[in-house]
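Mentor: Please look over the sequence and the model shown below. Your questions may follow.

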Amino acid sequence: MTHNQTNTEFAKLYAALEAPVTALDCGKKCAPYNEYGVPFCCDIRHTVPALYRQEWEYLRLRTDLWRLWEAPPTAEGRELAAGTPPGMVLAACRGHQHCQRAYRSLACRAFPFFPYFDSRGEWLGMSYYWDYEDRCWVISHLEAVTPQFAEQFFAAFEQLFDAYPQEREIYAYHSQQMRAAFAQRRRAIPLRHRNGQWYKISPRNERKRKVAPASLPAHGVYHLAKTLPFPDEITT
Ligand code: SF4
Ligand code: SF4
């Protein structure tokens, strides 16, 4: 791939996925629960964004927002570095107070969602990175995800899969891991289908049941907040 192709691809990909996940600033909802009031997905103690190598090239020529992430000499750091997907690099930005919206990575734009594939390899829709259930406010409030975000998410990943078809395999594998994790927990997988509806999917037989997103479970502190008579008093 030429340098110019890379530029065009990432410029187009970023333009395709501009919409925020929710109409309100979800960072204001989760940050109070994190040390120093930093949104969890912008805090490298919780998540280190993985950038495509071409994406890193695109960004490093345009902004000083990003630097390559150096793994700390800990077991966790080594594990994270070793688990970096092929063709990607781990990167850290200058922090949420210095965010440059135009240069957010694809990982930032899509968080907490990833493209979900069924066991036959069909791309059904989007589900979320389940490790963040206890921290990400959006995961506990799926009804707040806007249709505009979902449509842009699908359009952007269509572009990505056209340019990098091997990415389908990576997300299909990740989806399979989600089925295994949820089967073990005897839980259904929440899915925003490409047809615009929300479903619960059985991780064992993959049967789908249409649901209202507001009926999907909340987790951690957000579960507690939903049981209180005046939940906004502690979630804002
Ligand atoms: S996507 Fe989740 S973790 Fe990131 S700012 Fe929004 S609520 Fe917080
Ligand atoms: S670039 Fe912006 S959205 Fe992405 S991790 Fe940094 S502060 Fe968060």
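Mentor: Two strands pair if DSSP finds at least two bridges between them; strands (E, at least two residues) and helices (H or I, at least four) are DSSP runs numbered from the N terminus. Residues are numbered from 1 along each chain as its sequence is written, while chains are lettered from A and ligands numbered from 1 in the order in which they are written. This is a predicted model, in which local features need pLDDT of at least 70, side-chain atom pairs count only at pLDDT 80 or more, and totals for chains, interfaces and linings use all residues.

Trainee: Which strands stand at the edges of the five-stranded sheet?

Mentor: The sheet is open, and its antiparallel strands follow the order E4-E5-E6-E7-E8. Two of them have a single partner strand each, so one side of each is left without a neighbour in the sheet: strand E4 (113-117) and strand E8 (208-211).

Trainee: Which residue in E7 stands opposite Pro190?

Mentor: Strand E6 (residues 189-193) and strand E7 (residues 198-201) run antiparallel and are joined by four bridges. In this pairing, the residue of E7 facing Pro190 is Lys200.

Trainee: What angle does the direction of helix H7 make with that of E4?

Mentor: Helix H7 (residues 166-184) packs on this sheet and touches E4, strand E5 (123-128) and E6, a contact being two C-beta atoms, placed from the backbone, within 7 Å. Axes are lines fitted to C-alpha atoms, for helices over the stretch in contact, and angles run from 0 to 180 degrees between N-to-C directions. For H7 and E4, the value is about 90°.

Trainee: Is Asn195 buried or exposed?

Mentor: Asn195 is located in the loop between E6 and E7. A residue is buried with 20 or more other C-beta atoms within 10 Å of its own, exposed with 12 or fewer, and partly exposed in between. Because Asn195 has 9 C-beta neighbours inside 10 Å, its class is exposed.

Trainee: Which residue stands opposite Tyr52 in E3?

Mentor: A second open sheet is antiparallel, with the order E1-E3-E2. Its edge strands, each pairing on one side only, are strand E1 (50-52) and strand E2 (66-68). Three bridges join E1 to strand E3 (residues 88-93), and there Tyr52 faces Met88.

Trainee: Which residues of helix H3 are buried?

Mentor: Helix H3 (residues 53-60) lies across E1, E2 and E3, at about 90° to E1. Its buried residues are Glu55, Tyr58 and Leu59. They cover an arc (of directions from the helix axis to the C-beta atoms) of only 95°, which puts them on the same side of H3.
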